[in-house]
Structures are given as C-alpha cells and as structure tokens.
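Trainee: I have a model open and would like to talk it through with you, one place at a time. Could we start once it is on the screen?

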Amino acid sequence: MPAREFDPATVLFVPEMSALAKAFCTSPPYRAFARRVLVPWCLQGVRPTGEALEIGTGSGAMATQLLSAHPDLRLVATDYDPDMVRVASASLARFGDRAVVEQADATALPFEDGRFDLVLSFAMLHHVVEWEKALAEAVRVLRPGGRLVGYDLLDSALFRLLHQREGHGTRLMQPGELETKLKDLLVTEPHTRHAASGLLVRFQASKAA
Ligand SMILES: C[S@@+](CC[C@H](N)C(=O)[O-])C[C@H]1O[C@@H](n2cnc3c(N)ncnc32)[C@H](O)[C@@H]1O
C-alpha cells in the first residue's frame with residue numbers, strides 16, 4: 001500500500017486532549033516520571049534499535065528518553081494535535097536527524113507498509129475512538145519480525161473521572177478487548193500484562209513474517 005499524505009479534511013473526528021491533560025503531559029514532573037519510570041517499564045526488556053515510529057508522542061517525553069538511552073535508535077515521532085507536534089519538535093530538536101516529528105493520525109498513518117523496526121504506543125490508544133484502526137495501522141507499518149510495544153489505560157471509574165472533560169473523545173479499553181484485537185492482526189507472540197491493580201495494560205507483539 002502506498003504511503004498516504006496527512007490530510008486533515010479526511011479525518012472525521014479526532015478530538016484533542018483537554019488543556020489540563022496537555023499541561024500535565026508537557027509538565028517537568030511528568031517528563032521526569034516518563035524518563036525514570038515509564039520508559040523502562042514500558043519496554044519490557046525490548047532493546048529499541050533501527051528505525052522506530054511512536055504514535056501519539058504528546059510532548060515527546062518518552063521519545064526523548066528513548067533517543068538519549070539508545071544512541072543507535074532513529075525515531076519518527078507523530079501526533080495528531082499540532083500543539084503537541086510543536087512541543088515534541090522543540091523537545092527532540094537536539095537529536096538532529098535521528099528524530100523526525102510529523103503530524104499524523106494514528107488511524108491513517110502516512111507511511112508505507114513494513115517501514116519500521118519498532119512501533120511504540122504509550123497511553124494514546126484510549127484517546128483514539130477507533131483504536132482498533134490505530135492498532136491495525138501500527139502493525140501494517142511494521143516490517144515482518146518488527147515489534148509493537150506499548151501500554152494503555154483500561155476502563156475504570158478513576159480514568160473515566162480523569163477523562164470526563166474530554167467526553168466522547170476517549171474510549172477506554174475493556175479488559176480483554178486488546179487481546180482479542182491483537183489476535184485478529186498479523187502478529188505472533190501477542191503478549192499483554194495487566195498492572196496497577198488492573199488499571200493499566202502493557203502489550204507487545206511481533207509482526208508475522
Ligand atoms: C495521553 S497523551 C500520551 C503522550 C505520550 N505518548 C506519552 O506517553 O507521554 C496522548 C496523545 O495522543 C495523541 N492523539 C490522540 N489521538 C490521536 C490520533 N488519532 N493520532 C495521533 N495522535 C493522537 C494526543 O494528541 C496526545 O498527544
């Protein structure tokens with residue numbers, strides 16, 4: 001399938017995060033937490049190499065840590081929201097041509113099939129109403145044997161409360177939904193692990209050869 005250009009007119013409804021959520025995701029304490037705790041926890045032992053794609057990069061907090069810790073990694077960081085693309089571009093500028101930041105909708109990625117060695121998705125699928133499409137796109141752009149790695153929030157009273165300002169812009173996954181969707185895709189070894197008393201799910205899978 002040929003790469004698609006990003007065309008905002010074709011996106012029916014991709015809601016933005018609330019101003020509060022954007023402020024949190026770009027705050028120094030969150031960035032420090034992402035660097036020290038979230039990145040190693042999310043990687044689940046996977047060593048990132050080659051060319052990676054991050055969907056929904058937000059402020060680029062996770063990308064910054066990945067590029068700092070893995071000097072041979074190249075990363076394309078994408079987000080739908082132009083505000084976040086601006087923030088991430090500033091955060092990742094110091095990595096020169098190892099980092100590219102682009103505006104892209106995770107449900108219609110503008111990249112050819114099989115381009116990436118690794119696709120990363122950190123706490124973003126619950127912001128995508130059609131998250132199944134984003135997952136399918138992530139697998140499409142992986143090379144055979146490439147890995148999908150990420151984590152997300154599961155449906156709970158706590159996260160419903162925290163996202164109530166975003167209303168219909170979020171769709172928290174039910175336990176088991178991610179596992180079912182991964183089984184439908186061209187992946188081997190789909191693996192999920194629940195954490196934080198069932199509030200979070202980490203996942204990884206390899207693209208089938
Ligand atoms: C909670 S933030 C997580 C940011 C980052 N991954 C992290 O862990 O720090 C979710 C991000 O997903 C982005 N997003 C939401 N829907 C998207 C879509 N359809 N395509 C790409 N990015 C999207 C939002 O703009 C936001 O920056």
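Trainee: Is L178 buried or exposed?
Mentor: Happy to start there, and do keep in mind that this is a predicted model, in which local features need pLDDT of at least 70, side-chain atom pairs count only at pLDDT 80 or more, and totals for chains, interfaces and linings use all residues. Residues are numbered from 1 along each chain as its sequence is written. A residue counts as buried if 20 or more other C-beta atoms, placed from the backbone, lie within 10 Å of its own, as exposed if 12 or fewer do, and as partly exposed in between. L178 has 21 other C-beta atoms within 10 Å, so L178 is buried.

Trainee: Which helix holds L178, and which residues is L178 in contact with, leaving aside its neighbours within four places in sequence?
Mentor: Helices (H or I, at least four residues) and strands (E, at least two) are DSSP runs, numbered from the N terminus, and L178 is found in helix α7, residues 177-184. The C-alpha atom of L178 is also 9.5 Å from that of W131, 47 residues away along the chain. Contact here is C-beta atoms, placed from the backbone, within 7 Å. With neighbours within four places set aside, the partners of L178 are M173, T192, V201 and F203.

Trainee: V201 and F203 bring us to β7. Which residues stand opposite V201 and F203?
Mentor: Two strands pair if DSSP finds at least two bridges between them. β7 (residues 200-207) pairs with β5 in the antiparallel sense over seven bridges, and β6 and β7 also pair in the antiparallel sense over seven bridges. V201 has H194 opposite, and the residue facing F203 is G150.

Trainee: Why is strand β5 largely enclosed by the rest of the structure?
Mentor: Strand β5 spans residues 142-153. On one side of the account, β4 (residues 116-122) pairs with β5 in the parallel sense over six bridges, and F116 stands opposite L142. β5 is largely enclosed because the buried residues number nine of the 12.

Trainee: What is the handedness of the crossover from β4 through helix α5 to β5?
Mentor: The helix on this path, α5, covers residues 131-140. A crossover is right-handed if, with the strands pointing away from the viewer, the path from the first strand over the helix to the second runs clockwise. The β-α-β crossover here is right-handed.

Trainee: Which residues is A123 in contact with, beyond its neighbours within four places in sequence?
Mentor: A123 sits in the loop between β4 and α5 and has a positive phi of about 50° although it is not a glycine. With 18 other C-beta atoms within 10 Å, A123 is partly exposed. A123 and Y151 are 28 residues apart in sequence, yet their C-alpha atoms are 5.8 Å apart. The contacts are Y151, D152 and L153.

Trainee: How many bridges join β2 to β3?
Mentor: β2 (residues 74-79) has five of its six residues buried. β2 pairs in the parallel sense with β1 (residues 51-55) over four bridges, where E51 is the bridge partner of R74. Toward β3 (residues 99-103), T78 has E102 as its bridge partner. The strands β2 and β3 run parallel, and the number of bridges joining them is five.

Trainee: Which residues come nearest to the ligand?
Mentor: A residue is near a molecule if its C-beta atom, placed from the backbone, lies within 6 Å of it. The shell around the ligand divides into 14 nonpolar, five polar and three charged residues; Ala, Val, Leu, Ile, Met, Phe, Trp, Tyr, Cys and Pro count as nonpolar, Asp, Glu, Lys and Arg as charged, and the others, Gly among them, as polar. Of the 22 residues around the ligand, those that come nearest are G56, G58, D81, A106 and F122.

Definitions and conventions:
Two residues are in contact if their C-beta atoms, placed from the backbone, lie within 7 Å.
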